[in-house]
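Biologist: Please go through this model with me, one question at a time.

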Amino acid sequence: MIEWASGILLVFGAVFYTAGTAGLLRFPDVYSRLHALTKADNLGLGCVLLGLALQAESLAAGLKLILIWPLAMIASAGVSYAIARHADRFGIKPWRSEDA
Amino acid sequence: MTGLEFPLALFLLANLVVTLLAAARGPTPADRMLMALILGTTGTGILVLLATSLRVGPLVDVALVLALLAAIGGLAFAKRAWQGEGDD
């Protein structure tokens, strides 16, 4: 049962990672690419970590795996804010639908 | 151990290669810097998958370090390195 739940979570994680990659390839400007990466990829990482924590041998090992997730979320939130603010200050215009 | 871990790690590695190509395409320095963010999330995912599938516990610590380094690298880039105008 736990193996099944873990496998499903792992596959879900891979799907979200793929969504992030697709977003990076398809989205038109740096702001929307940041959006795809920081949200979809972090959800993928969370699913993978939860799936692996389910099969951890001890509670401590599982908790350690899960604790990587908030760290990665804080990191990507800070970095994406810094990059987006800098891009805006350097005058990179957000994409608009009439540009298409 | 479900047997899925190693194939998924390879799959994430393929994702990483594709995003590397996209990052090389640019067009702004920020697009290239996205690679550091991706290494923070996808690289961490690959490492924890490998830690379980190969039963190498310390790889989880490496994953933690990678997540931290991605944060520091990205912030250092945004604050210090990227001084030019938008397009290069």
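Biologist: What percentage of the contacts in chain B with a separation of 6 or more come from residues 24 or more positions apart?

Modeller: This is a predicted model, where local features need pLDDT of at least 70 and side-chain atom pairs count only at pLDDT 80 or more, while totals for chains, interfaces and linings use all residues. Residues are numbered from 1 along each chain as its sequence is written, with chains lettered from A and ligands numbered from 1 in the order in which they are written. Two residues are in contact if their C-beta atoms, placed from the backbone, lie within 7 Å. Among contacts in chain B with a separation of 6 or more, residues 24 or more positions apart account for 60%.

Biologist: In what order do the elements of chain B run from the N terminus?

Modeller: Helices (H or I, at least four residues) and strands (E, at least two) are DSSP runs, numbered from the N terminus. Chain B has three helices and zero strands. From the N terminus, the order is α-α-α.

Biologist: Which element gives the largest share of the side of chain B that touches chain A?

Modeller: The contact takes 39 residues from chain B and 41 residues from chain A. On the chain B side, α1 (5-25), α2 (29-53) and α3 (59-81) each give two or more residues. The largest share, 14 residues, is from α2(B).

Biologist: Which residues have the most contacts inside the largest nonpolar core?

Modeller: A nonpolar core is a set of buried Ala, Val, Leu, Ile, Met, Phe, Trp, Tyr and Cys residues joined through C-beta atoms within 7 Å. A residue is buried if 20 or more other C-beta atoms lie within 10 Å of its own, exposed if 12 or fewer, and partly exposed in between, with C-beta atoms placed from the backbone. The largest core has 51 residues, and those with the most contacts inside it are A:L49, B:L34 and B:V48.

Biologist: Are α3(A) and α3(B) roughly parallel or roughly antiparallel?

Modeller: Axes are lines fitted to C-alpha atoms, for helices over the stretch in contact, and angles run from 0 to 180 degrees between N-to-C directions. Here α3(A) and α3(B) pack at about 10°, with their axes 9 Å apart. Angles under 35 degrees count as roughly parallel, over 145 as roughly antiparallel, 65 to 115 as roughly perpendicular and the rest as oblique. Therefore α3(A) and α3(B) are roughly parallel.
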